[in-house]
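Hi,

Here is the structure I said I would pass on to you. Have a look at it first, then read on for what turned up in it.

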Amino acid sequence: MINHGVPPARGHRVKAAMAVAVSALVHLLTGALVVGGTLLIIFGWATIIQPVLGLLLICLAVQLRPRRGTVDGERPLRRADAPQLFALVDEIAHVLGTRTVDVIQFTHRFEIRAVPFGLRGRRLEIGLALWELLTPQQRMACLAHELGHFATGDVRHHMMVRTVLPLLHGAAVPSESSAATMREQALAASPVSRRADEMAHAAARFRVDSALSGWAVWLATWPHKQMARLVQGLATSVTEEVEYRSDGLAAQVASTEAAVQALQCRGLSGVMGAELRRLAVEARTSTARMRLKGCGKSSPPTPERSPAIRSRAMSRRGGSTRSARPRSIRPW
């Protein structure tokens, strides 16, 4: 087990504690909505307004419920599927003095990250585009860096905090332009027929009612979103120190050179993402052209374009004598 270095500063510990406290307050307010709505339904059943208000409060609490996260996407890898990879992750986690991951998922993204899910689950997401680019030592540095977030006590992985942050990705504020457009649609009349005019008015009225309900939901969830934004600000303020400490752990597990090279490779995500998107668009365009040529719908190339098309095709194929070989994937 390696040394985790100097403990975090007192100010950062205070900010992390404040983030957890504000997150707990958000969950308490959500629970208060459920309790208040239930009491209104039970004790105000003789009336009409109180059960309706109670049902609205419960619906609002469901909208603001904690999001714990699940394992989505393709089928995750278990220990029986990749025992050597899990053994490597277990060894790194043991050296760092933290708990290992429960599942591993391969993704198409240019990143490697370890994230919590559920109550106590941990998931390691490995982007194959980055994984194939790294050397074995650099892979160990990336794994140690991501597991180092758990070892150093990253507040963003705390269950209270990570269940509040998804509230920031809710519905946006309705814009003034959309509201003006809806008002114009409500006043517009169709000159085609009487039925069409009634349908146009009904559709416009429905859009206006939807906009009003959107505003009502936004106003009701505004306090929770503001507290979630405060939690995000407090968690972000201590992120830099957590990243530095995780980099130090990665340098101790692998090596300083491997940790620096891994950081440089991970910094190429923007360039690699743009190149992969360009190749995907080029592949789809080539496939569409081949289909059009097979159906006889494409126009024959002009004499001045034919040499350029043939040269591009030969450069993509790499010549007629060049054979394609499957790449061998290393175990890790």
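Let's start with arginine 109, which is partly exposed, with a relative accessible area of 32%. Keep in mind as you read that this is a predicted model.

**The salt bridges**

Which residue does arginine 109 pair with? Its partner is glutamate 125, and the closest N and O atoms of that salt bridge are 2.8 Å apart. Glutamate 125 sits in strand S3 (residues 121-127), while arginine 109 is in the loop between strand S1 (103-107) and strand S2 (112-117), so this pair ties together parts that are 16 residues apart in sequence. The general idea is simple: side chains of opposite charge can pair when their charged atoms come close.

Is glutamate 125 buried or exposed? With a relative accessibility of 4%, glutamate 125 counts as buried, because buried means under 20%.

Glutamate 125 also meets the side chain of arginine 113 in a salt bridge, at 2.8 Å from N to O. Here arginine 113 comes from strand S2 and glutamate 125 from strand S3, so the two tie together parts that are twelve residues apart in sequence. Arginine 113 is partly exposed, and its relative accessible area is 33%.

Another pair to find is arginine 278 with glutamate 282, a salt bridge whose closest N and O atoms are 3.2 Å apart. Both residues belong to helix H11 (residues 269-295) and are four residues apart, about one turn of the helix. Arginine 278 is partly exposed at 44% relative accessibility, and glutamate 282 is partly exposed too, at 26%.

Some salt bridges share partners, and in that way Arg109, Glu111, Arg113, Arg123 and Glu125 are joined into one network. How many salt bridges are there in the structure? The count comes to ten.

**An arginine without a salt bridge**

Now go to arginine 162, in helix H6 (residues 159-162). Arginine 162 is buried, yet it has no salt bridge. How far away is the nearest side chain of opposite charge? That side chain belongs to aspartate 102, and it is 9.6 Å away.

What does the side chain of arginine 162 reach instead? One thing is the backbone oxygen of glycine 118, at 2.8 Å. The backbone oxygen of leucine 119 also lies 3.3 Å from a polar atom of the arginine 162 side chain.

**The cavity**

Next, the inside of the model. The count comes to one cavity of 30 Å³ or more, and the largest cavity has a volume of about 50 Å³. Which residues line it? They are Ala141, Cys142, His145, Asp247, Ala250, Ala259, Ala262, Leu263 and Arg266.

Three helices each supply at least two residues of this lining: H5 (136-151), H9 (239-253) and H10 (256-266). Which one gives the most? That is H10, with four residues. By type, the lining of the largest cavity divides into six nonpolar residues, one polar and two charged.

Threonine 98 is in the loop between H3 and S1. Threonine 98 has a relative accessible area of 17% and is buried. Its side chain is joined to the side chain of arginine 122 by a polar contact of 2.9 Å.

Threonine 236 lies in helix H8 (residues 194-237), and its side chain reaches the backbone oxygen of glutamine 232 at 2.6 Å. How far apart in space are threonine 236 and lysine 15? From C-alpha to C-alpha it is 9.7 Å, though the two are 221 residues apart in sequence.

Aspartate 81 is partly exposed, with a relative accessible area of 36%.

Notes: Residues are numbered from 1 along each chain as its sequence is written. This is a predicted model: local features need pLDDT of at least 70, side-chain atom pairs count only at pLDDT 80 or more; totals for chains, interfaces and linings use all residues. Side-chain values use heavy atoms; hydrogens and water are left out. Buried means under 20% relative accessible area, exposed over 50%, partly exposed in between (1.4 Å probe, protein chains only). Lys and Arg count as positive and Asp and Glu as negative; His and the chain ends are not counted. A salt bridge is a side-chain nitrogen of Lys or Arg within 4 Å of a carboxyl oxygen of Asp or Glu. A polar contact is a pair of N or O atoms within 3.5 Å; within protein, one must be able to donate a hydrogen and the other to accept it, and residues adjacent in sequence count only if both atoms are side-chain atoms. On a 1 Å grid over the protein atoms alone, a cavity is a set of points where a 1.4 Å probe fits but cannot get out, and a pocket is an open set with protein on both sides within 12 Å along at least five of seven lines; lining residues have an atom within 4 Å of a point. Grid points are joined across faces, edges and corners, and a volume is the space filled by probe spheres set on the points. Ala, Val, Leu, Ile, Met, Phe, Trp, Tyr, Cys and Pro count as nonpolar, Asp, Glu, Lys and Arg as charged, and the others, Gly among them, as polar.
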